[in-house]
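Hi,

Here is the model I said I would pass on.

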Amino acid sequence: MQKFDKLTGVAAPMPMINIDTDMIIPKQHLKTIKRTGLGKALFDEMRFNADGSEKPEFVLNQPAYRKAQVIVAGANFGCGSSREHAPWALLDFGIRCVIAPSFADIFHSNCFKNGILPIALPQEICDRLMDDARKGSNATLLIDLEKQEITRPDGEVIKFQIDAFKRHCLLEGLDDIGLTLEKGADVDSYEAKQKSSQPWLPMAP
Amino acid sequence: MSKPRTLFDKIWANHLVHTQDDGTCLIYIDRHLVHEVTSPQAFEGLRMTKRVVRRPDLTIAVADHNVPTTDRSKGIADPESRTQIETLESNVKEFGVPYFAMDDIRQGIVHIIGPEQGMTLPGMTIVCGDSHTSTHGAFGALAFGIGTSEVEHVLATQTLIQKPAKNMRITVDGVLPRGVTAKDIVLAIIGRIGTAGGTGHVVEFAGPVIRGLSMEGRMTVCNMTIEAGARAGLIAPDETTFAYAKGRPHAPKAGQWEAALNFWRTLPSDPGASYDKEVTIDAATLVPHVTWGTSPQDVAPITGRVPDPAREGDANKRASLERSLAYMGLTPGTPFTELRIDKVFIGSCTNGRIEDLRAAAALAHGRKVASHVQALVVPGSGLVKEQAEQEGLDKIFLAAGFEWREPGCSMCLAMNADRLEPGERCGSTSNRNFEGRQGRGGRTHLMSPEMAAASAIAGTIADPRAIS
C-alpha cells in the first residue's frame with residue numbers, strides 16, 4: 001500500500017451530501033478484474049455525457065481542478081455499495097484525501113486499505129475548507145498526517161482526529177494481511193477452541 | 001452479576017482472537033460469501049503473495065451480479081461480464097473454494113442462498129464483499145459488507161481487523177396495520193433516522209412487530225439496514241429462526257442440533273443491556289411507503305405528494321432536494337399515485353424470496369399488467385424459482401403479462417442486460433434509488449412487492465391496499 005505522510009494539493013469542492021459509491025464509480029465499470037486504470041471512470045455519469053464528452057460544469061473538468069488531490073464534500077460521503085472500486089478510482093485519478101463532515105463506514109474503512117486519508121471534521125470547519133477549495137488552484141491545502149493538521153491557504157492550522165492504529169498503518173504503508181499472519185498462533189488456538197464448542201460450523205463439501 | 005450484554009456484544013466477544021492495547025480487535029469470521037464482482041482482485045492478491053485460502057470449508061462462492069436472467073444455455077453475451085464469471089470459476093478451482101455454478105439449481109443471489117442452504121446460522125460472523133450482507137443479521141448473526149482488500153484478508157486469514165461498533169436498538173411496537181409489509185417498516189425507519197442515522201452502529205431490531213415477522217420479512221428489514229448507514233442489522237434468534245434453519249443442508253445435524261439450540265438460546269440481549277442510541281416506532285402509524293428521490297431516505301407514505309423544495313429551510317438539503325427532483329423528473333405537489341411508470345422490477349436480495357413472490361402473485365392473479373409497462377419477476381435463487389413454479393406462481397405472473405426470469409441480481413444494479421433507459425421510471429422492490437443505479441438516467445421508486453405488482457397493473461405508482 002502507498003504510504004501517506006504529507007500532501008500539498010488543490011482541493012476540489014463538492015458541496016453535495018450523500019455522495020454515494022454508485023456516483024463515484026457506476027456499475028458498468030465494476031466488470032474489471034483489475035484494481036488499476038479506474039480513474040477515467042471516476043464520477044463517470046456526473047463527469048461525462050452519454051457520448052463520452054466532458055460536462056464542462058463538473059468540478060473535476062474545470063482547469064483549476066483537473067489535478068486535484070483533495071476533495072472537500074458534504075456529509076455521509078461514500079454511502080451505499082461496499083465496492084472498493086470507489087477508492088481505487090479516486091486514487092487512480094490522483095485523489096489522496098477526502099474531507100467531509102462524515103463518511104459511510106465501509107467506504108471509510110476501504111480508504112485506509114488504499115493509502116487514501118478520509119478526514120472527518122465538523123460542518124462549520126468543512127464549510128471554511130469548502131470556501132478555500134472554491135478558490136481553485138491558487139489555494140492549496142497542506143495535509144500532515146503525522147501532526148494531524150491541515151494548513152489552510154491563509155496559514156490557519158486545523159487539527160483533526162484519526163484512529164491511532166489506522167494512522168500508523170497509513171504512515172508506514174503497512175500490509176494488514178502480513179500483520180495478521182504474524183498472529184497465526186492466536187488464530188490456530190481460536191479455531192481449536194471453536195472446533196470443540198461449535199463443531200457444526202464447517203461446511204461438509 | 002456481570003454487566004448485561006447485547007446480542008452484538010455477545011457475538012463480538014465470542015469471536016475475539018486478539019485485542020491490541022488501543023482496542024483494535026482481530027475477530028474470527030465463520031462464513032465468507034464470495035461473488036464475481038468484488039473478488040477477482042482479492043484472489044489476484046493471494047496469487048501475487050503466494051498465499052492460500054485458509055478455510056475453504058467456511059467459504060462459498062457464487063456468481064450473481066452479472067448473470068443473465070434470460071436463457072443461459074447460450075452463455076453470456078457481454079464479454080466483460082463473461083470474463084468476470086470465468087475468472088471466478090478459475091479462481092475457485094485454483095484455490096479450492098466451493099462454488100455454485102450458473103446451471104446449479106442452488107445458484108442465486110448470495111444473500112438468498114446463504115440462508116436457504118443453512119449456511120447462515122445464529123451467533124455467526126458472516127462477511128461478503130457486498131454491503132447487503134446485513135441481510136443475514138435476521139438470524140442473529142453479525143453480518144456485514146467489506147471491501148475487496150478485506151475479502152483478501154479473510155480469504156488469507158479467516159479474520160478481520162475491526163473496532164467494535166456502537167449498539168443501537170430500534171423497537172417497533174404495537175400492531176402492524178393490514179397491508180403494511182416488512183419493506184414498509186424498513187423504509188419508514190430509514191425515512192425517520194436518515195441514511196446516516198445508523199453510521200458507526202450495529203442496529204438491533206426489536207419489539208413485537210419484528211418478532212411477529214417471518215424470516216423472509218426479517219431479512220428484508222436487515223437487508224436495508226445499510227441504507228440507514230449501519231453496516232449490520234440484528235434480530236434476536238427465536239423459535240421462528242430455529243424452525244427456518246432446521247433441516248437445511250448446512251444446518252447442524254441431529255446429534256448437534258440440540259447443542260446448537262442451547263447455544264443459540266443464550267444469544268439474545270440480556271434484560272437491562274444498554275444501547276448507545278434507541279429509537280421507538282409505533283407500528284400503528286405505518287402505511288405503505290414509496291421513495292420519491294435519489295436516496296433511500298427520500299421516502300413517504302403512498303398517500304403523499306412530491307415534496308416542495310421551497311419549504312425546506314436548510315440550504316444544503318434544499319439543493320439536494322432540487323437536484324433529486326430534477327433527476328427524477330418530478331413536479332412538487334404531484335400525488336405519487338399519479339406518477340406513470342415504464343417498468344417494474346420484482347426481485348433482489350431485498351425482496352426476491354418466496355414470500356415476496358407469493359405476495360406479488362396474489363395481487364397479479366387474474367389481472368393484467370398495463371400495456372405500457374414492462375414488468376420483470378426475477379426469483380432470488382434457483383430454488384426460489386423452483387418452489388414458485390411448484391406453487392404455480394410463474395403461471396399467474398405470465399398470465400398477467402409479467403416476465404418470469406432466471407435468478408440473479410438483475411435490475412437491482414443493472415450490471416447484466418436488465419436495466420432502465422434514460423428517463424424511464426421504475427417501481428422496484430430493490431434497495432437503492434441512487435442516480436443511475438438501475439441504468440444511466442433511470443428513475444427508481446423503491447417499494448414493496450405488493451406495491452410493485454399493484455403499480456404494474458395500474459400503470460402508475462399504486463396503493464396496493466386499493467386493489468387487494
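This is a predicted model: local features need pLDDT of at least 70, side-chain atom pairs count only at pLDDT 80 or more; totals for chains, interfaces and linings use all residues.

**What I found**

Let me start inside chain B, with a pair of strands: β15 (residues 343-346) and β18 (residues 425-428) of chain B run parallel to each other and are joined over three bridges.

Another helix worth a click is α8 of chain B, residues 215-223. It is mostly covered, with eight of its nine residues buried. The buried ones are B:E216, B:G217, B:R218, B:M219, B:T220, B:V221, B:C222 and B:N223, so you will find charged side chains in that list too.**Chain B as a whole**

Chain B has 16 helices and 19 strands. Its C-alpha atoms fill a box of roughly 55 × 55 × 45 Å along the principal axes. How does the radius of gyration of chain B fit with what a compact globule would have? A compact globule of 468 residues would come out near 23 Å, and chain B has 22 Å, which agrees. Of the 468 residues of chain B, 60% count as buried. Looking at contacts in chain B with a separation of 6 or more, 78% are between residues 24 or more positions apart.

**Chain A as a whole**

For chain A, the secondary structure comes to eight helices and seven strands. The box filled by the C-alpha atoms of chain A is roughly 65 × 45 × 25 Å, again along the principal axes. Buried residues account for 45% of the 205 residues in chain A. Among contacts in chain A between residues at least 6 apart in sequence, 69% join residues at least 24 apart.

**Where the chains meet**

On the interface, 48 residues of chain A are in contact with 60 residues of chain B. On the chain A side, the elements that give two or more residues are α1 (21-24), α4 (105-112), α6 (164-172), α7 (176-181) and α8 (184-197) of chain A. By class, that side of chain A has 23 nonpolar, eleven polar and 14 charged residues.

Please check a couple of phi angles when you have the model open. A:F43 has a positive phi of about 50° although it is not a glycine. You will find A:F43 in the loop between α1 and α2 (44-47) of chain A. Is A:F43 buried or exposed? A:F43 counts as buried because it has 22 C-beta neighbours inside 10 Å, and the cut-off for that is 20 or more.

The other one is B:S348, which is not a glycine either, yet has a positive phi of about 90°. B:S348 is placed in helix α12 (residues 348-351) of chain B. With 28 other C-beta atoms within 10 Å, B:S348 is buried.

Cheers

Notes: Residues are numbered from 1 along each chain as its sequence is written. Chains are lettered from A and ligands numbered from 1 in the order in which they are written. Two residues are in contact if their C-beta atoms, placed from the backbone, lie within 7 Å. Helices (H or I, at least four residues) and strands (E, at least two) are DSSP runs, numbered from the N terminus. Two strands pair if DSSP finds at least two bridges between them. A residue is buried if 20 or more other C-beta atoms lie within 10 Å of its own, exposed if 12 or fewer, and partly exposed in between; C-beta atoms are placed from the backbone. The radius of gyration is taken over C-alpha atoms; the globule rule is 2.2 Å times the number of residues to the power 0.38.
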